[in-house]
Amino acid sequence: MDFKIINSKYFRYIDQAFYSVSTLLLSVLAPLCLMESDAAEVLYLISFLLLCLSLTTAFFVTPTITINDDSNETISRIFIIFVGILVFLFSTTFVLNKIVDLKNLLFFYFVYLFCSLEFFRRVFIRKNLHKFSFFISMGMFFLIPLSYFFVFFYKTDIWLSLSLSLAFLFFCSVAFLASFISFKVNLNLEFIKKIFRIGLVSVGSFFVMWCSTQGVFVILYDHISHNVFIEQKLIFSILGFFNIIMLVQENKYQPLYSKAISSMDFSNIKKYDLSVNLESYIFLFLGILFFTFFWLLNFSFYLSFLLFTVFRFLMAISKSKVYYIRAIGRFEYLLYSNLIALILLLFIYIFGWFSAFKEYQIPMYFVTHAFVFWILTNLWKKRGSNEKYWVV
């Protein structure tokens, strides 16, 4: 591949597109290759995969892209901590299985490998090593459908097939990382404390966010029919394809926000806000176009699609506030916003206020959470407008 293409600003969208489609295929191929009950279980477990993926992003990816450091030292330190925790998780899971015989053991291994590859991708992107990131994205794009192919034709275990496929990408990625990651950096206790302190707050925020979104799917799994559950899970996953824009946006703008705040360059911050918000409105426009198309053709899921589109838009329009709050190191603001939104959802669930919406309960919970989150992040950004950036 032409290296000029790899280094172009548009290549990151191609890379993220292949990765996002690969993640989407985990959900889309399940109903096509498995029995309905098995497909519902896979989609159910994927909610927990997304939780672990969010925790990985919160604990390791967020510090990597928010700390204003152009050297490899910070990334090397975070990588060493990540590897240590990964070895601990693999070992603990193996030992626990010997004691209590864990159900879906291979699912745990698949989760560890999947989360590792996402972290590796974001490290490569942060260091502008896009060819290595693209290798992971393309590898997943081909290997995930291949894994389902073996399951469909040879009746193998889905998690075994997926784990073996990702293990290949995992070891290749570690080899690539070894070319620029240093294991001789000073991993002092003060650094570890700060990473864990910020990481735990960020993890709390992502976990509460998961409870307000994927957790809704988990709670209502037994309260709606499998076909409605699968339909809405697929709509949510397919609309997640627009996360390509959001993730590329985050990789681009989060370091820029951190750099601008470190130099107190508020004119650039306003310019970044306009760019981020413009992309959000473009997403809303495209979502409404698709909704109109589905409505005119009288597809049964058009209203669910509209509600999930509104949810995605509200989360997207909140991004400029999120980038700013992260850049000043006030991760607790995001935790508070998600926590308050979750508490409201719990009250709604306890009193059954959304029960009248029947099959539309799930997207209604999502829209409510996003609306509250958008309001609160606006307020927190104004409160933190005079604070400086965070350092490690």
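Which residues make the nonpolar surface patch of about 930 Å²? Hold that while you set up the view.

**Before you click.** This is a predicted model, in which local features need pLDDT of at least 70, side-chain atom pairs count only at pLDDT 80 or more, and totals for chains, interfaces and linings use all residues. Residues are numbered from 1 along each chain as its sequence is written, and side-chain values use heavy atoms, with hydrogens and water left out.

**Whole chain.** Show the cartoon. You get 16 helices and 0 strands (DSSP runs numbered from the N terminus: H or I of at least four residues for helices, E of at least two for strands). The radius of gyration, taken over C-alpha atoms, is 21 Å. The globule rule (2.2 Å times the number of residues to the power 0.38) also gives 21 Å for 392 residues, so the chain is as compact as a globular protein of that length. Of the 392 residues, 54% count as buried (under 20% relative accessible area; exposed is over 50%, partly exposed in between; 1.4 Å probe, protein chains only).

**The patch.** Now select I219, L339, I343, L346, F347, Y349, I350, F351 and W353: they make the nonpolar patch. Patch residues have over 30% relative accessible area and no salt bridge, with nonpolar side chains (Val, Leu, Ile, Met, Phe, Trp, Tyr) joined within 5 Å and like charges within 9 Å. A salt bridge puts a side-chain nitrogen of Lys or Arg within 4 Å of a carboxyl oxygen of Asp or Glu. Areas follow the Shrake-Rupley method with a 1.4 Å probe; for residues, only the protein chains shown count as cover. Colour helix α15 (residues 331–351), which gives the most to the patch, with 7 residues. Click I350 in helix α15. I350 counts as exposed because its relative accessibility is 63%.

**The core.** Go inside. Select F110, F114, F119, F120 and M140, which have the most contacts inside the largest nonpolar core, a set of 105 residues. Helix α5 (residues 105–126) gives the most to this core, with 14 residues. A second, separate core of 11 residues includes Y257, I269, V276 and A327. A core joins buried Ala, Val, Leu, Ile, Met, Phe, Trp, Tyr and Cys residues through side-chain atoms within 4.5 Å.

**Last stop: Y272.** Find Y272 in helix α12 (residues 266–296). Y272 is buried because its relative accessible area is 12%. Leaving aside neighbours within four places in sequence, Y272 is in contact (heavy atoms within 4.5 Å) with Y253, L256, Y257 and A260.
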